[in-house]
Amino acid sequence: MAKLLTSDLVEEADKIFVMTEQHRQSLVDKFPNKKTELISPYDFDVADPYGGSKADYEYTFAELEEMIARRFLLDV
C-alpha cells in the first residue's frame, strides 16, 4: 500500500530506490540524502506507467522484476 514519504521514513531507510532520475532529483530536493538511487543496475530510467494502459503497467512490472532480480537476487 502506498503511503506519503516523510523525513522520518527517509531517515530510517538504508537505501531508497526510484524509477527515474526525475523521481530521484525530486526526492533529494525535498529530503536531501545520499541514499537515493535508480532501481536500474544500469543507471537508466524505467518509464513510469502512471496514466498508461494495462499493457504499460504489465511491461513496467516485468522490467522492474528483472531489475530487482539483477540487483538483489541472482545473476539473471
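The model is predicted. The protein has 76 residues, and 25% of them count as buried. Its secondary structure comes to three helices and two strands. From the N terminus on, these elements follow the order α-β-α-β-α.

**Overall build**

- The C-alpha trace spans about 35 × 30 × 25 Å along its principal axes.
- The accessible surface comes to about 6000 Å². Carbon and sulfur atoms hold 56% of that surface.
- Take the contacts between residues at least 6 apart in sequence: 39% of these join residues at least 24 apart.
- The protein carries 9 positive and 16 negative charges.

**The nonpolar core**

- Six residues make up the largest nonpolar core. They are Val 10, Ile 16, Val 18, Leu 27, Phe 31 and Leu 38.
- Setting aside neighbours within four places in sequence, Val 18 is in contact with His 23, Arg 24, Leu 27, Thr 36, Glu 37, Leu 38 and Ile 39.
- Two of those partners, Leu 27 and Leu 38, are listed with Val 18 in the core.
- Leu 38 also turns up among the contacts of Thr 20.

**Aromatic pairs**

- The structure holds two aromatic pairs.
- Phe 17 and Phe 72 form an edge-to-face pair. Their ring centres are 5.2 Å apart, with 80 degrees between the planes.
- This pair links distant parts of the chain. Phe 17 sits in strand β1 (residues 16-18), Phe 72 sits in helix α3, and 55 residues separate them.
- Phe 17 has a relative accessible area of 29%, so it is partly exposed. Phe 72 has 42%, so it is partly exposed too.
- Tyr 42 and Phe 44 form a stacked pair. Here the centres are 5.9 Å apart, with 10 degrees between the planes.
- Tyr 42 counts as partly exposed because its relative accessibility is 46%. Phe 44 is partly exposed as well, with a relative accessible area of 36%.

**Helix α3, residue by residue**

- Helix α3 covers residues 54-72, and Glu 66 has its place there. With a relative accessible area of 39%, Glu 66 is partly exposed.
- Glu 66 and Leu 38 are 28 residues apart in sequence. In space they are 14 Å apart, C-alpha to C-alpha.
- Thr 60 also lies in helix α3. Is Thr 60 buried or exposed? Its relative accessibility is 5%, and the cut-off for buried is under 20%, so Thr 60 counts as buried.
- Leaving aside neighbours within four places in sequence, Thr 60 is in contact with Met 19, Val 46, Ala 47 and Pro 49.
- Phe 72 lies in helix α3. Beyond neighbours within four places, Phe 72 is in contact with Phe 17 and Ile 39.
- Phe 72 and Gly 52 are 20 residues apart along the chain. Their C-alpha atoms are separated by 28 Å.

**Two loop residues**

- Thr 20 is found in the loop between β1 and α2 (21-30). What is the relative accessibility of Thr 20? The value is 11%, so Thr 20 counts as buried.
- Not counting residues up to four places away in sequence, Thr 20 touches Leu 38, Asp 45 and Val 46. Val 46 is also a contact of Thr 60.
- Thr 20 and Leu 73 are 53 residues apart along the chain, and 21 Å separates their C-alpha atoms.
- Asp 43 has its place in the loop between β2 (36-38) and α3. With a relative accessible area of 58%, Asp 43 is exposed: the cut-off is over 50%.
- The phi of Asp 43 is near 60 degrees, a positive value in a residue other than glycine. Most residues other than glycine have a negative phi.

Terms used: Residues are numbered from 1 along each chain as its sequence is written. This is a predicted model: local features need pLDDT of at least 70, side-chain atom pairs count only at pLDDT 80 or more; totals for chains, interfaces and linings use all residues. Side-chain values use heavy atoms; hydrogens and water are left out. A nonpolar core is a set of buried Ala, Val, Leu, Ile, Met, Phe, Trp, Tyr and Cys residues joined through side-chain atoms within 4.5 Å. Buried means under 20% relative accessible area, exposed over 50%, partly exposed in between (1.4 Å probe, protein chains only). Contact means heavy atoms within 4.5 Å. Helices (H or I, at least four residues) and strands (E, at least two) are DSSP runs, numbered from the N terminus. Accessible areas come from the Shrake-Rupley method with a 1.4 Å probe; for residues, only the protein chains shown count as cover. Lys and Arg count as positive and Asp and Glu as negative; His and the chain ends are not counted. The place of a charge is taken as NZ of Lys, CZ of Arg, CG of Asp or CD of Glu. Rings of Phe, Tyr and Trp (its six-membered ring) pair if their centres lie within 6.5 Å; planes under 30 degrees apart count as stacked, over 60 as edge-to-face and the rest as tilted.
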